[in-house]
Amino acid sequence: MNKSYLYIICAATFWGAMGVFVNALSALGLSTVQIAMLRACTSLLFIGFLIICRDRALFKIKLRDIWMFFGSGIVSYFLFNNCYFTAIKEVGVAVSSVLLYTSPIFVTIMSVILFGEKMTVRKVICLLFAVGGCALVSGLASGDIGSISFYGFFMGLASGFTYALYSIFSTYALRKYKPLTVTFYTFLFGATAATIIGNPVATITTIANPTGILWTLALGIFSGALPYFLYTLGLSKVPASHAAVISTVEPVVASLLGIFLFRESADIFTVLGIALILSAAIILNLGKEN
């Protein structure tokens, strides 16, 4: 397997495990906005420390390129978190998950328009497999959806769109900068925006204990700095549309953790959904066309 594809799969795997850290921090009394702020700030510190140790020249960017990092950090990371968390409150996790993973569709369409990527039959099949698999994994197929508000539905689609924008803005940035630079400035802008509304004083007070510090560090490393760096590194060699579809292994990981770690039930729909998503990733990886 191409190692760039493997980087993206590893990133999606770490993202899929994010619920473990989020649940632990929520149990301490943190809000979703505060958790998003901690994720951005701790990730920023880790990436910054790595750049200092490796090559401080990676901090250098040109002022005219600020728009790329404003896009990846605020338009994508910050707005994505807010849209997704709002959608969860309005329409629930199942529907929100399906709407979030419309992101490969947005990425593929924008990649065709902006980067000249070809829309092939294989890509269309992989998109259908990925989105259909996410619908099955989320539990949507069971019919246990509940009432769906228009606002919640719109915010769910917005989360998919803003999530997709990370691949787009990063693709532009990677034409000029190294993956570490792109990742650092993404978190710098995202952390700045999140801190403004995240009530940092109350957040620090809540996590000022060994348990809180441990979970915060784990959140920053394993669901922030490491997966974002790996995804950005993979994106430097993989077309954005391919990366978006491959990253849909994230809900597969989340489902498996739920089954084996939290002892959640798994039905035929979950198993079929996992198979569809893995099939999409395999088919896309085996092909040679862009």
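A patch is made of residues with over 30% relative accessible area and no salt bridge, where like charges are joined within 9 Å and nonpolar side chains (Val, Leu, Ile, Met, Phe, Trp, Tyr) within 5 Å. By that rule, Ile105, Ile109, Val112, Ile113, Leu114, Met119, Val124 and Leu128 make a nonpolar surface patch of about 690 Å². The model is a predicted one, in which local features need pLDDT of at least 70 and side-chain atom pairs count only at pLDDT 80 or more, while totals for chains, interfaces and linings use all residues. Residues are numbered from 1 along each chain as its sequence is written, and side-chain values use heavy atoms, with hydrogens and water left out.

**Overall fold**

- The protein chain has 13 helices and zero strands; helices (H or I, at least four residues) and strands (E, at least two) are DSSP runs, numbered from the N terminus.
- Read along the sequence, the pattern is therefore α-α-α-α-α-α-α-α-α-α-α-α-α.
- Of the 290 residues in the protein chain, 51% are buried. Here buried means under 20% relative accessible area, exposed means over 50%, and partly exposed lies in between (1.4 Å probe, protein chains only).

**Surface patches**

- Helix 5 and helix 6 (121-138) each supply at least two residues of the nonpolar patch, and the largest share, five residues, comes from helix 5.
- Leu114 is one of the patch residues and sits in helix 5; with a relative accessible area of 42%, Leu114 is partly exposed.
- A patch of positive charge on the surface gathers Lys3, Arg54, Lys178 and Lys237. Lys and Arg count as positive and Asp and Glu as negative, while His and the chain ends are not counted; the place of a charge is taken as NZ of Lys, CZ of Arg, CG of Asp or CD of Glu.

**Aromatic pairs**

- The structure holds 21 aromatic pairs. Rings of Phe, Tyr and Trp (its six-membered ring) pair if their centres lie within 6.5 Å; planes under 30 degrees apart count as stacked, over 60 as edge-to-face and the rest as tilted.
- Phe59 and Phe184 form an edge-to-face pair, because their ring centres are 5.0 Å apart and their planes stand at 75 degrees.
- That pair links distant parts of the chain, 125 residues apart: Phe59 is in the loop between helix 3 (32-54) and helix 4 (66-100), and Phe184 is in helix 8 (residues 179-197). Phe59 is partly exposed at 25% relative accessibility, whereas Phe184 is buried at 11%.
- Phe115 and Tyr172 are also edge-to-face, with ring centres 5.2 Å apart and planes at 65 degrees.
- Since Phe115 lies in helix 5 (residues 103-115) and Tyr172 in helix 7 (residues 150-173), this pair ties together parts that are 57 residues apart in sequence. Phe115 counts as buried at 18% relative accessibility, and Tyr172 as partly exposed at 22%.
- One aromatic cluster is formed by Trp15, Tyr77, Tyr166, Phe187, Tyr228 and Tyr231.

**Salt bridges**

- There are two salt bridges in the structure, each being a side-chain nitrogen of Lys or Arg within 4 Å of a carboxyl oxygen of Asp or Glu.
- Asp65 bridges to Lys176, with the closest N and O atoms 3.0 Å apart. The partners are 111 residues apart, Asp65 in the loop between helix 3 and helix 4 and Lys176 in the loop between helix 7 and helix 8.
- Asp65 is buried, with a relative accessible area of 2%, while Lys176 is partly exposed at 48%.
- Glu117 and Lys123 meet through their side chains in a salt bridge of 3.3 Å, N to O, and both Glu117 and Lys123 are buried.

**Two residues to look at**

- Asn199 has a positive phi of about 50 degrees, although it is not a glycine. Most residues other than glycine have a negative phi.
- You will find Asn199 in the loop between helix 8 and helix 9 (200-207), partly exposed with a relative accessible area of 45%.
- Ile274 lies in helix 13 (residues 268-286) and is buried at 13% relative accessibility.
- The C-alpha atoms of Ile274 and Thr248 are separated by 9.9 Å, the two residues being 26 residues apart along the chain.

Note on methods: Accessible areas come from the Shrake-Rupley method with a 1.4 Å probe; for residues, only the protein chains shown count as cover.
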